[in-house]
Structure formats: structure tokens, C-alpha cells
There are 2 protein chains.
Amino acid sequence: MPAARPSNSRATINDVAARAGVSRGTVSRVLNAEAYVSDSARAAVEAAILEVGYVRNEAARGLVTRRSQAVGLIVHEPHSLFLEDPNIGSILLGINSALSEADYQLVSLVVDSDRDSDRVAGYITGGFVDGVVIISARAHDPIGRAVAAAGIPAAYVGHPIDVEGVPYAGIDNYSAALAITRRLVATGRRRIGMIAAGLDRDSGQDRLAGFTEALGPSFRKELVVEVPLYSHGCGLDGMRLLLDTDPEIDGVFASSDAIAAGALDVLREAGRSVPGDVGVVGFDDSAWALRTQPPLSTVHQPAGELGRRAAELVLAQLRGEDVGLGGSFLDTSIVWRTSA
Amino acid sequence: MPAARPSNSRATINDVAARAGVSRGTVSRVLNAEAYVSDSARAAVEAAILEVGYVRNEAARGLVTRRSQAVGLIVHEPHSLFLEDPNIGSILLGINSALSEADYQLVSLVVDSDRDSDRVAGYITGGFVDGVVIISARAHDPIGRAVAAAGIPAAYVGHPIDVEGVPYAGIDNYSAALAITRRLVATGRRRIGMIAAGLDRDSGQDRLAGFTEALGPSFRKELVVEVPLYSHGCGLDGMRLLLDTDPEIDGVFASSDAIAAGALDVLREAGRSVPGDVGVVGFDDSAWALRTQPPLSTVHQPAGELGRRAAELVLAQLRGEDVGLGGSFLDTSIVWRTSA
């Protein structure tokens, strides 16, 4: 490896030509894989590129064509959660698969603080990406507003509450929550609580609304505990609160599989059998659902396909197509295992 | 949100000036936050920017300064694993924290196929990032070689086997594996196996070497099973193989916490008590270690600090400092819980 050099003294094409003892034009022909370059000249240029540490400036080429050939991905979760949530991982792989087929580079941008948020907004609107996919956007998000103001091709996974007329791919969280709660009620549970997360965006609000509707007159407000994140840790906290509120609780709708996994750990510690004493259902059908003891009854959502659909909405805009400004809903299903 | 427009017809500064009814110079003064712009002109320009969807081309500014103000992160794992491994998440947050303080944008690049690998190599050497952090590099990796050939400021987390003279931050995997295996032996176990992963890079090879050394004459080659990934799924496969090979096995060194979690699931299904029948130890002290039943005895590695150190090695090179070409080792420790 050549000695590291600061990027502001990067080698130029002239340095390569001088080292190789050929003309600038010959270097250019080698770089552009054109014909009419002798094997010996090609070898000399390739060696010189390594020796002087020449970096071809694709950013300069991008400037000419006004294309970075990259699409950004923004996930509005603390990055620690982003990285432990296999559901988001599946969405990401779906996005990457669609972009890769179209020869676009997926660029994931970390948002871990307000400082990150401002810098990422600047990066996105600064010409470094041609489009953006946004996951789990919250209300009043500065990045979403920067993207909207700049008119960059964008699509959401899920539907942000306060941004209208944006293309998105999502699921019907309300109907899915309604269906799985009804199924839980049908097992004979009478004191059913919910660990609700993400109430600052559509997914959390809609899951709570579906749960409320399913219980009807037997809905008890005090058996809904709100936690900030769809995480295992929040599942621990939420289940402890529910047990404190009603030690006789016999059913729990956890608003994600990770939350359900935390709830199961607390129930085990408290000596409650699942599904004997308490029936627990989750949401996502992510890798968590098969790892818990017992395996989770949950809502399956097509995470990879959601990512792919959102990426395709961005790619269509990049091709100049009109994708409309509404949403595209994908089907969910109930997967009934043994936790309820 | 303005109607999406393909990026090759992005609005220019002239479009903004025309819409606002001001000169190009006035637009430029507003964009550069200069004085001597009337409030009404400023308001007109700001409204026009939103109306025409003008995106300031920071890539063009980057070209002048030869800086993208971004650092790339490459993780050589299938992305599905990248996203379920909390240890990698901690490394990533450490990197982001150091870069964010220096006002650099962290850009994570997905490598999920050979096609991705080639495109990412082109992206990195194309001027879109000023430097690169590389995690879990394998032998003969095309991206690592592209980075080395281009002379871009780079640092590794861990030490690639076939690349010499690259700055890196790592741990002493050999000594850590030696220490925890000795501790397992000291609990009285006599038939100890290992689920070894990542043998195509330093971490896997060194952990196996430490294990072998610790057992000395009681090392039994048939009780080492090789699995490809540091994942829960590979832990399931590995533990099943070990039980088939020796149903009397009484100790297991799992080369990551995720592998240990899989091994515990298989032992539970097989009716073996842990630590009663079998003692199990892991490696990482990631979030997995506290979630398993029972909690894992494992090697703690300072994942966040490893990421921070690697990022600092890149930032120092970007400042033009000579960081040397060797490695920096951080301390590990044994955390003894109840799985062994």
C-alpha cells in the first residue's frame, strides 16, 4: 500500500503520465478502456496508477452528468436499534437488491443525534445521492422536510404522519392489528394488554387503533403501556409495567417481535407460563419470532418486498416516470405458532 | 412536495433567479449567507428555491476542494448478519461518533453480492468518500485491494490476513481465546468442543489457535466444527454436529455470542442442562450475552472503542498526519456469568 496521503494532494492524471512515461491521452485511453493502446503502455500506466496512488475522480464525472448513481437510505431509529432489528435488515436487503439490479449504489446514512440529522440533510440535498428511501419517518422530521423541499426523488417505507402526497410502500397496520387481536380474544383471553411503541408515526398509531377496535367494550386504557422503541429492552420495561398494573393479565399484544421477546423474558422471570397463563402475540414475523421460547404467534409482513417496492418507486422517478403520489399497500398474514 | 423530477433535469441557479425575479448574483449571495441582501429579496429567493426544487450542488463544491467530507464503512459480512449482530452495531456507533465530532458523514455501503463488491470498489475509489473503515476483511478481498491500490486513507477493525502494513485497531484474539478456554477447563470440563467461525480471517484463526493451545494434549480435532458465519443459525448447526460427534460433550467454546445463543437453543431442545451438563462460553459480550438463558460467560471486547479508534486513524490521515502502518490492540476481559 502506498503511504497514505491527505486527499487534498491526490495524484493527478499528469502524475500518472509522467511516471509511466506516456502522454496524458494514453493514460486517458487506458482509463476509459479504449482500443489502440499497446500492451506495454497499458502495463506501464497500470503500474504508474498504483505507484502514484491515482484515484479517478468519479465525482467529477458525476458532475458532468449530474448523477451520483447512488441512492441514500435513512432509517429513523437509534442506530443501535436499526442494527438489532432483523425486520429492518430485510427491508434493507430488498432495497439493495432492487438498486443493485439497476446498478445504483445504496448508501446508508447514520442518524444517531441531532447533529447527524442536520449533516445528513445537507448531504442528501447536496448532490451526493440521486434519490432517497426513508424508513420509519416520524412526525416533524427535518430530513423528510429537507428532501421534500429539495424535490429529490424519494419514497417512504411506511407512511409519515405529517407529509402528504409522497409515494410510499406500506402495510395496513390497522387491519393487521385488528385481526391478530381478534384471534387472541378468540383463544378465551379476557384481560388483554398492549405494549405500544412508535406512537409518533403511523405504524404505532394504527396498531394501537386496531387493538382498541378489536377489544371494543372490553378495552381497558390502563392496560396499554407506551414505550418509545420497538426494542427488546422496551419489551422488558413494558411487560413489567403491565404485570404491576394487573397481575392477572392473561393476554398481551406486543407491537413488535422484539418487544414480545422482552415480554416473554419478564413473564418467565415472574413464573408465568406462556401460553398457559398468558398468551403473547407479536408483530413483524422477523427472525426474533423463531428464536423465542415458545416461538411467537405474530403478524407476517413482507419486509424485503416493502424495501424493494420503495426502491422501485425511486428508480421509476429517476427514469423520469410519474409514479403518482399515493401509497402502495402490501398484504400481511397471521402466523400462529405457540406463544398464544 | 414539488413533483418529482429526474435528476438530469435538476433546477439551476438561473431557474431560481428567474422565478424570484432577481439577479443570479442575488441568489448566490442568499445561498452563501452573505450580507447586503434585502429581506424581501431573501424571502423571494427562498420561496423560489422551494418552488423550482433547486438543489445546491455540494458535489461541485467538493470537486473544487477535492473533499467529499464523507468516510465510507465496508462490512464484509452478509448484510443480513451485519444487521443482526449487535457487536457490529456497537463498532458502527463508535465510528459514527468519532466522525460526527469531526463533521464527517459516515456512509455505510452494502456488500451483498459480487456485483455489489465491484460497484462498491468503484464508488470508494471514485472520489465519493475521502477515506474508508473496513470491518472483518477476509483474505483476497477485492475492495481491500482496490483501497490499497488507490492509496485512500483507510483503517481496519481487525487485521486482514493478506494485507500488510495497514493501520488497524483490533484485539488479541489468540490470548482472549486462550484465557477463556483455560477458565472453562478449570471448571472441571473434560470433553470440550469448539464451534469455529470466520476461519478466512484473523479473528477466526486466532480464536481457534488460542483454544487449541489451552487444551494442549486433551485437544481433540474432531470436536472442532467449522461454520461459515458468526451467526445464531450457524450456532444451531454447529451444536447439532458436536452432539452427533460426541453425545457426552461437556464444554463448548462458541466463537461468538450469537453462535453461543444458537448452541444453547440446541442443548435445551436436546434436554441438556446448562451449565449442569454442558458449560458454554461465548465471545464478544454483545447484547446477545444478556438475553440468553442462562446469561453467557464470555469475552468482553470494547466494540465501540474499536470503531472509534479505527475512525480516528482515518481522520488523522485526512489531516495529513503519519499514523504509522501497524496495529493498535485494545484490552479484552472475561465476564463470567452463569452459562459455564
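Predicted model: local features only at pLDDT ≥ 70, side-chain atom pairs only at ≥ 80, totals over all residues.
Local features need pLDDT of at least 70 and side-chain atom pairs count only at pLDDT 80 or more, while totals for chains, interfaces and linings use all residues. Residues are numbered from 1 along each chain as its sequence is written, chains are lettered from A and ligands numbered from 1 in the order in which they are written, and side-chain values use heavy atoms, without hydrogens and water.

**Exercise 1.** Determine how many aromatic pairs the whole structure holds, and classify the pair A:Tyr168 and A:Phe329.

*Solution.* Rings of Phe, Tyr and Trp (its six-membered ring) pair if their centres lie within 6.5 Å; planes under 30 degrees apart are stacked, over 60 edge-to-face, the rest tilted. For A:Tyr168 and A:Phe329, the centres are 6.0 Å apart and the planes make 85°, hence edge-to-face. A:Tyr168 belongs to strand β5 and A:Phe329 to strand β11 of chain A, so the pair ties together parts 161 residues apart in sequence; strands are DSSP runs (E, at least two residues), numbered from the N terminus.

**Exercise 2.** State whether A:Tyr168 is buried or exposed, and classify the pair B:Tyr123 and B:Phe128.

*Solution.* Buried means under 20% relative accessible area, exposed over 50%, partly exposed in between (1.4 Å probe, protein chains only). A:Tyr168, at 9%, is buried, whereas A:Phe329, at 52%, is exposed. B:Tyr123 and B:Phe128 are stacked, with 4.7 Å between centres and 10° between planes; both residues are buried.

Definitions and conventions: Helix = DSSP H or I, 4+ residues; strand = E, 2+ residues; numbered from the N terminus.
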